[in-house]
Amino acid sequence: MDMTYLIYVVPALLISMWASYNVNRTFNKYKTVYNSRGYTAATVARWILDKNGLSHIRLERVQGELTDHFDPTAGVVRLSDSTYDSTSVGALGVAAHECGHAVQHDVGYFPMTIRRAIIPLSQIGSTAAIPLAVLGLILGFPLLIEIGILLFCAVVVFQLVTLPVEFNASRRAMKTLESENILDGDELSGARKVLTAAALTYVAALLVALGNLLRLLALRGRRDGRR
């Protein structure tokens, strides 16, 4: 713990904590606001997939709340227990969002392609970059510091490219829910608020990554200034 952590990382962590709280609060608010047509999230998800020629994409239930995701490797959209059978406007928004990712994958949406390509490097960076850089600082090995910083840059790039992927999936979701008259009026507003709150968690994740990168750069600069 040092001042660089307090200056660069702590503010981003506080924003991340608020974003996590906000998405749960918003989802909990709108999971009790039900759509007037009585559609379940699973029904809507299946319909969106089929309408986009994705009948081969399976739809499965997964345990938990807000654990919804699209798995391109397995070719499946997984909806959480809190979403699958729910008729709430929040659940329909989440389901449509995950189907938006399936459509992105099918049409070769470029930011998603980039994100998938850098996943292995970003995973290595998220676990090894900071320990390598700190070890280099402690032992006085500049090469380890540079490797750590470069690896963590991959984490930042991954978080950065995630933003257009998530925002685009939400735009696709809202466009479908509105144009196909699945939701309307206040129902659309509720779904949009849930997806906006979820998107802010990805913005917060980027800020945390940037904070950690700035901290590493500051520590390297401090070390170079003492040489």
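The model is predicted; local features need pLDDT of at least 70, side-chain atom pairs count only at pLDDT 80 or more, and totals for chains, interfaces and linings use all residues. Residues are numbered from 1 along each chain as its sequence is written, and side-chain values use heavy atoms, with hydrogens and water left out.

The chain holds six helices and three strands. Helices (H or I, at least four residues) and strands (E, at least two) are DSSP runs, numbered from the N terminus. Along the sequence the pattern reads α-α-β-β-β-α-α-α-α. The C-alpha atoms fill a box of roughly 70 × 35 × 30 Å along the principal axes. The chain has 227 residues, and 46% of them count as buried. Buried means under 20% relative accessible area, with a 1.4 Å probe and protein chains only. Among contacts with a separation of 6 or more, 72% join residues 24 or more positions apart. A contact here means heavy atoms within 4.5 Å.

The three strands form an open sheet with mixed pairing, in the order β1-β3-β2. Its edge strands are β1 (58-62) and β2 (69-71), each of which pairs on one side only. From one strand to the next, the twist averages 30°. Two strands pair if DSSP finds at least two bridges between them. Strand β3 spans residues 76-80 and pairs with β2 in the antiparallel sense, over three bridges. Phe70 stands opposite Val77 in β3.

Helix α3 (residues 89-107) lies across β2 and β3. It runs at about 25° to β2. Axes are lines fitted to C-alpha atoms, for helices over the stretch in contact, and angles run from 0 to 180 degrees between N-to-C directions.

Two packed helices are described by the angle between their axes and the distance between the axes. Helix α5 covers residues 142-179 and packs with α3 at an angle of about 115°, the axes being 7 Å apart. The two helices are therefore roughly perpendicular, a term for angles of 65 to 115 degrees. The crossing of α3 past α5 is right-handed; in such a crossing the near helix is turned clockwise from the far one by less than a right angle. From α3, residues including Leu92, Ala96, Gly100 and Val107 meet α5 residues, among them Val165, Ala169, Ala173 and Leu177. By class, this contact has eight nonpolar, seven polar and two charged residues. Ala, Val, Leu, Ile, Met, Phe, Trp, Tyr, Cys and Pro count as nonpolar, Asp, Glu, Lys and Arg as charged, and the others, Gly among them, as polar.

Conventions. Parallel < 35°, antiparallel > 145°, perpendicular 65-115°, else oblique. Buried < 20%, exposed > 50% of the residue type's maximum accessible area, 1.4 Å probe, protein only.
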